[in-house]
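Trainee: Could you walk me through how to read the overall features of a model like this one?

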Amino acid sequence: MTTVTAQTTQVYQVFIKATAEQIWDAITKPEFTSRYFYGARIENTPEAHRSLGPDGSVWGDSPTFEYDPPRRLVHGWRSLYSPELAEEEPSRVTWEIEPQDGGFCKLTVIHDQLEGAPKTAESVSGAGWMMVLSGLKTLLETGEPLAG
Amino acid sequence: MVTYCPDVDDDRVFKALADPTRRHLLDRLYQRDGRTLSELESELEMTRFGVMKHLRVLEDAGLVVTRRQGREKLHFLNPVPIRQIHDRWIDKYTERRVSALLDLKERLEDTA
């Protein structure tokens, strides 16, 4: 099999049976992210994207570029969870939520500007983002209700 | 736009994968993502219309996602539906086979 360099723009898309508001909460609030994002407690505010690992160490601390609930979130990305990856240039993550018919939403995650972060690109491709998105889908579709 | 429905969604993915040209297109995108129709077309012995038709099937199955970048429409491979098929149809059965083999091994070793 040919070895492939990880892409500098990566696109992931999943349909989730949930409202846009539920998905927005699930990606911006630490009590939800800790249940599907490798245990990370992630808080996305209009100012910043902050992520803490299960042991309390800083996994991510980047500025927010766009904050438009419950539709669009764009924030910076640095892989502080690994000393080797942390040295790389920052990249960018975009979340887009588009309501569909039948109570579904289309969630698209674009991780781009990875030109200066080849090891991060490698680390988030493959199972990386996919595990996050399938975990998020499972949480929203079969997990405990997010409301209340 | 295609309305999403989970019952037919697996069907769409299996149908999309059940064609050698479409699998070839996915392999091309796996090697280098974010390509235009013209780029993909230049690597296939097929009319532009034919390639468009195949890309449309892949898009409807969620395996290809398109994004506009300036005047260009770029095609990206979306691996998530394949992962879901894997979790639903492959993990389940291979797991059982592995555990059956482990059971057999245990039983043989117990009686030995």
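Trainee: What percentage of the 112 residues in chain B do buried residues make up?

Mentor: First, a caveat: this is a predicted model, where local features need pLDDT of at least 70, side-chain atom pairs count only at pLDDT 80 or more, and totals for chains, interfaces and linings use all residues. Residues are numbered from 1 along each chain as its sequence is written, while chains are lettered from A and ligands numbered from 1 in the order in which they are written. Now, a residue is buried if 20 or more other C-beta atoms, placed from the backbone, lie within 10 Å of its own. In chain B that gives 21% of the 112 residues; in chain A, buried residues are 34% of 148.

Trainee: What does the radius of gyration of chain B come to?

Mentor: Take it over C-alpha atoms and hold it against the globule rule, 2.2 Å times the number of residues to the power 0.38. Chain B has 19 Å, but a compact globule of 112 residues would be near 13 Å. Its C-alpha atoms fill a box of roughly 70 × 30 × 25 Å along the principal axes. Chain A has 15 Å, which agrees with the value near 15 Å for a compact globule of 148 residues.

Trainee: And which order do the elements of chain B run in?

Mentor: Helices (H or I, at least four residues) and strands (E, at least two) are DSSP runs, numbered from the N terminus. Chain B goes α-α-α-α-β-β-α.

Trainee: How far apart are the end C-alpha atoms of helix α4 of chain B?

Mentor: Expect 1.5 Å times one less than the number of residues. For the 13 residues of α4 (residues 48–60) of chain B, that's 18 Å, and the ends are 18 Å apart, which agrees.

Conventions
Buried ≥ 20, exposed ≤ 12 C-beta atoms within 10 Å, placed from the backbone.
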